[in-house]
Amino acid sequence: MSKARSPFEQLRDRFNETDLECSACGYIDADGSWRVSTTGSRVKYQFMCPTCDAVETREMRL
């Protein structure tokens, strides 16, 4: 039996599968993952590069 996941969890999983390359230095973090946080009206996804500490942010307003 599979567990139901929210659309936000599904989007984070999609980022984890396809967007683990740092846009600043090009490093591909195969073991990395996007963090997700919410303020109620916004959902913020962040990926921090372990090589150059650049932070990639994607934000959705609800």
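These legends go with several close-up views of the structure above. It is a predicted model, in which local features need pLDDT of at least 70, side-chain atom pairs count only at pLDDT 80 or more, and totals for chains, interfaces and linings use all residues. Residues are numbered from 1 along each chain as its sequence is written, and side-chain values use heavy atoms, with hydrogens and water left out.

**View 1. Strands β1 and β2 form a hairpin.** Strands here are DSSP runs of E with at least two residues, helices are runs of H or I with at least four, and both are numbered from the N terminus. Strand β1 covers residues 35–38 and pairs with β2 in the antiparallel sense over four bridges; two strands pair if DSSP finds at least two bridges between them. Look for Thr38, which stands opposite Val43 in β2. Three residues lie between the two strands, and Gly40 in the turn has a positive phi of about 105°.

**View 2. Strands β2 and β3 form another hairpin.** Strand β3 spans residues 55–61, and its antiparallel pairing with β2 runs over seven bridges. Here Lys44 stands opposite Glu59 in β3. Six residues lie between these strands, and Asp53 in the turn has a positive phi of about 65°.

**View 3. Strand β2 has a covered face and an uncovered one.** Within residues 42–48, Val43, Tyr45 and Phe47 make up the covered face. Arg42, Lys44, Gln46 and Met48 make up the uncovered face. The largest nonpolar core has six residues: Phe15, Leu20, Trp34, Val43, Tyr45 and Phe47. Such a core is a set of buried Ala, Val, Leu, Ile, Met, Phe, Trp, Tyr and Cys residues joined through side-chain atoms within 4.5 Å. Buried means under 20% relative accessible area, exposed over 50%, and partly exposed in between, with a 1.4 Å probe and protein chains only. The largest share of the core, three residues, comes from β2.

**View 4. Ring pairs link Phe15, Trp34, Tyr45 and Phe47 into a cluster.** Rings of Phe, Tyr and Trp (its six-membered ring) pair if their centres lie within 6.5 Å; planes under 30 degrees apart count as stacked, over 60 as edge-to-face and the rest as tilted. The count comes to three aromatic pairs. In one of them, the rings of Phe15 and Trp34 have centres 4.9 Å apart and planes at 40°, so the pair is tilted. This pair joins Phe15 in helix α1 (residues 7–18) to Trp34 in the loop between α1 and β1, 19 residues apart. Both Phe15 and Trp34 are buried. The rings of Phe15 and Tyr45 have centres 5.2 Å apart and planes at 90°, so that pair is edge-to-face. Tyr45 sits in strand β2, 30 residues apart from Phe15, and Tyr45 is buried too.

**View 5. Arg58 lies over the face of Phe15.** The distance is 4.7 Å from the ring centre. A charge sits over a ring if NZ of Lys or CZ of Arg is within 6 Å of the ring centre and within 35 degrees of the ring normal. Leaving aside neighbours within four places in sequence, Phe15 is in contact with Leu20, Trp34, Tyr45 and Arg58, where contact means heavy atoms within 4.5 Å.

View 6. A disulfide is a pair of cysteine sulfur atoms within 2.5 Å, and the count comes to zero. Cys25 is partly exposed, at 39% relative accessibility, while Cys49 is buried, at 1%.
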